[in-house]
Amino acid sequence: MAEWGRTTLELLVQELQAPVRLDESFDRRVMVRVRRLYAERRPRGVAGWIAAAVGITRRPAYAAALAAGVVAVVTVGMVRSRPQVVAGGRPIPVQFVLVAPEARSVAVVGDFNNWGLGDTALVAENHNGVWSVSAPVPAGVHRYAFLVNGKQWVADPTAPRASGDDFGQPSSALVVEASAE
Amino acid sequence: MESSDAALVGRVLHGEVNAYGALVSRYRDKYARYAVHMLGNREDAEEALQDAFTRAYRSLARCEDPERFGAWLFRILVNRCRTSGARRVRRGQTFVHDETALLNASQEHPAEQTMWREEIDRALGELSADQREAFLLKYVEELGYDEMAEITGVGVSALKMRVMRACDRLRVLLREVHSG
């Protein structure tokens with residue numbers, strides 16, 4: 001046996017660096033999952049989201065949010081800081097508000113709109129630096145973030161940070177409870 | 001001409017779901033190697049890799065730098081391997097040999113290659129998950145410590161320590177095999 005040293009390490013690494021080949025059935029299995037996701041979350045488009053939110057009563061949160069100088073999420077339904085999953089029921093209107101006077105654009109992306117995939121990002125309207133948009137969000141625990149200027153990912157500092165984030169971007173937790181009806 | 005990662009990501013984000021297949025083919029084998037060595041068997045490795053590709057697709061809009069899609073995907077895979085490894089520990093399973101690699105190795109120099117390969121697999125399986133991860137990233141994937149820190153979320157000093165301990169442990173384990 002050769003003494004452990006550079007040569008042995010090189011042999012070890014050489015063995016471990018040998019290619020591992022998967023066949024094309026792997027690709028097919030992945031793409032089956034991906035196409036299923038695509039079909040399930042086929043883009044509804046911003047207009048669809050906004051139209052679905054018709055009838056939402058907007059709260060005059062702009063002034064308070066401006067005064068606080070922070071990002072805020074306001075819901076017409078119930079939003080709790082502690083996760084509580086209540087499955088079922090129709091989507092609850094949620095209003096997202098971001099104070100960002102310097103921003104050129106703001107959108108909301110989350111797991112409820114496929115993270116903006118396929119042009120599903122919720123485009124916020126600008127009200128003197130306060131950006132807001134409303135959308136129906138299904139009951140349950142969600143992750144979301146604000147996309148500023150189309151590229152800057154901003155978590156909501158007033159909301160709990162989502163745990164277990166392994167995508168390298170900050171996101172916030174949103175808990176929507178089903179309506180009592 | 002082969003499309004760049006950024007171009008493919010852009011096409012997927014504009015609804016061309018099949019373009020994702022090109023990204024899967026591009027990174028499939030490259031990252032399978034890490035998953036197989038990290039998890040010790042092909043079945044778990046393929047599952048972790050599938051999971052990573054699926055999660056990456058689901059969150060593609062969150063890929064800040066599409067030109068570095070591969071690095072972003074790898075980060076997701078490293079996390080999936082951690083989760084899968086932890087789950088396996090909870091199930092009470094141990095690190096097992098990569099039978100396919102053993103089979104491939106045996107084609108050239110049957111006895112010696114297979115033995116050497118078994119020794120390596122066994123030694124890797126004896127490392128803690130943290131040490132194995134650091135060793136593979138440093139020596140097999142040939143990443144710099146800064147890249148490793150970015151991927152793992154662990155500080156450079158701690159990573160250096162893990163690599164050093166992994167090397168020490170491997171030295172002992174492989175020497176034991178040969179002297180035993």
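1. In this predicted model, strand β4 of chain A (residues 106-110) is largely enclosed by the rest of the structure, because five of its five residues are buried. Burial here requires 20 or more other C-beta atoms within 10 Å of the residue's own.

2. The burial of β4(A) holds for both directions in which its residues point. A:V106, A:V108 and A:G110 face one way and are buried; A:A107 and A:V109 face the other way and are buried too. In a regular strand the side chains alternate between the two faces of the sheet.

3. Which strands pair with β4(A)? One of them is β8(A), residues 140-148, which runs antiparallel to β4(A) and is joined to it by five bridges. Within that pairing, A:V109 has A:A145 of β8(A) as its bridge partner. Another is β5(A), residues 122-123, also antiparallel to β4(A), with two bridges. There, A:L122 of β5(A) stands opposite A:V108.

4. For chain A as a whole, the secondary structure consists of four helices and 10 strands. Their order along the sequence is α-α-α-α-β-β-β-β-β-β-β-β-β-β. Chain A has 181 residues, and 36% of them are buried. Taking the contacts in chain A between residues at least 6 apart in sequence, 67% connect residues at least 24 apart.

5. Turning to chain B, helix α1 (residues 5-13) has B:D5, B:L8, B:V9 and B:V12 as its buried residues. Why do they lie on the same side of α1(B)? They span an arc of only 100° around the axis, and this places them on the same side of the helix. As background, an α-helix has 3.6 residues a turn, so residues three or four places apart point the same way. After α1(B) comes B:G15, which has a positive phi, near 100°.

6. How many residues of each chain are in contact with the other chain? The contact involves 39 residues of chain B and 32 residues of chain A. On the chain B side, at least two residues each come from α2 (19-39), α3 (42-58), α4 (69-91), α6 (110-126), α7 (129-140) and α9 (156-179). The helix that gives the most to this side is α2(B), with 10 residues. Sorted by class, the side of chain B that touches chain A contains 18 nonpolar, 10 polar and 11 charged residues.

How values were computed:
Residues are numbered from 1 along each chain as its sequence is written. Chains are lettered from A and ligands numbered from 1 in the order in which they are written. This is a predicted model: local features need pLDDT of at least 70, side-chain atom pairs count only at pLDDT 80 or more; totals for chains, interfaces and linings use all residues. Two residues are in contact if their C-beta atoms, placed from the backbone, lie within 7 Å. Ala, Val, Leu, Ile, Met, Phe, Trp, Tyr, Cys and Pro count as nonpolar, Asp, Glu, Lys and Arg as charged, and the others, Gly among them, as polar. A residue is buried if 20 or more other C-beta atoms lie within 10 Å of its own, exposed if 12 or fewer, and partly exposed in between; C-beta atoms are placed from the backbone. The arc is that of the directions from the helix axis to the C-beta atoms. Two strands pair if DSSP finds at least two bridges between them.
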